[in-house]
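Dear colleague,

I am passing this structure on to you, and my notes on what was found in it follow below.

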Amino acid sequence: MDNSIAYYSKCMTTADFLRSIDMFSELDDTLLEPIVAQSKTLDLQRGDVLFQSGDDSSDLYIVTRGRIAIGNRSFDGRESLVALMESGDLFGEMPLFSNDGRSAEARALEESAVVVIPYQPVKDLYDENPSLLWLSLIHISEPTRLRRI
């Protein structure tokens, strides 16, 4: 992502906010503390691109304001909307488990903000508490949500 366009600000993320997201809903403050500490907020303008298909991945995102389009381009250049992320939606977590790059583009459709959570504190959480992986498995296996972005 071109950081000259977007603006990172001090994260106002709290453990309570993260618990409002399915992936983190069962975690207590102690487990969430390292994730909260490494999270940051990213303010976006309309058209800002978070990532493109094929990019390396190192973060997951939670929309706090605005709308983020997840889309793909066909070989002839046409864009196809795969998902629309709105406030409270988490995306970009599949590469956390698969080490794959991004499979789609994420772009702000309007002035938006996302919480950016690095993969590393989440991986550390699962390394130290492997039973918690089941909670994430339930979350990412929901058939009605796009997860492989």
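Which residues do ring pairs link into a cluster? They are Phe51, Tyr61 and Phe91, where rings of Phe, Tyr and Trp (its six-membered ring) pair if their centres lie within 6.5 Å, with planes under 30 degrees apart counted as stacked, over 60 as edge-to-face and the rest as tilted.

Before the details, please note that this is a predicted model, in which local features need pLDDT of at least 70 and side-chain atom pairs count only at pLDDT 80 or more, whereas totals for chains, interfaces and linings use all residues. Residues are numbered from 1 along each chain as its sequence is written, and side-chain values use heavy atoms, with hydrogens and water left out.

By the ring rule the count comes to four aromatic pairs. One of them, Phe51 with Phe91, is tilted, at 6.3 Å centre to centre and 45° between the planes. Because Phe51 lies in strand E3 (residues 49-51) and Phe91 in strand E7, this pair ties together parts that are 40 residues apart in sequence; helices (H or I, at least four residues) and strands (E, at least two) are DSSP runs, numbered from the N terminus. Both Phe51 and Phe91 are buried, where buried means under 20% relative accessible area, exposed over 50% and partly exposed in between (1.4 Å probe, protein chains only). The pair of Phe97 and Tyr126 is also tilted, at 6.0 Å centre to centre and 35° between the planes, and it links helix H3 (residues 94-98) to helix H4 across 29 residues. Phe97 is partly exposed, with a relative accessible area of 32%, while Tyr126 is buried at 7%.

Turning to the strands, E4 (residues 59-65) has five of its seven residues buried, so it is largely enclosed by the rest of the structure. Six bridges join E4 to strand E9 (residues 112-118) in an antiparallel arrangement, with Val116 as the bridge partner of Tyr61 in E9; two strands pair if DSSP finds at least two bridges between them. E4 also pairs with E7 in the antiparallel sense, over two bridges, and there Leu90 is the partner of Ile62.

Finally, the largest nonpolar core has 20 residues, of which Leu18, Met23, Phe24, Ile35, Ile117 and Val122 touch the most other members; such a core is a set of buried Ala, Val, Leu, Ile, Met, Phe, Trp, Tyr and Cys residues joined through side-chain atoms within 4.5 Å. Helix H4 (119-128) gives the most to this core, with four residues.

Best regards
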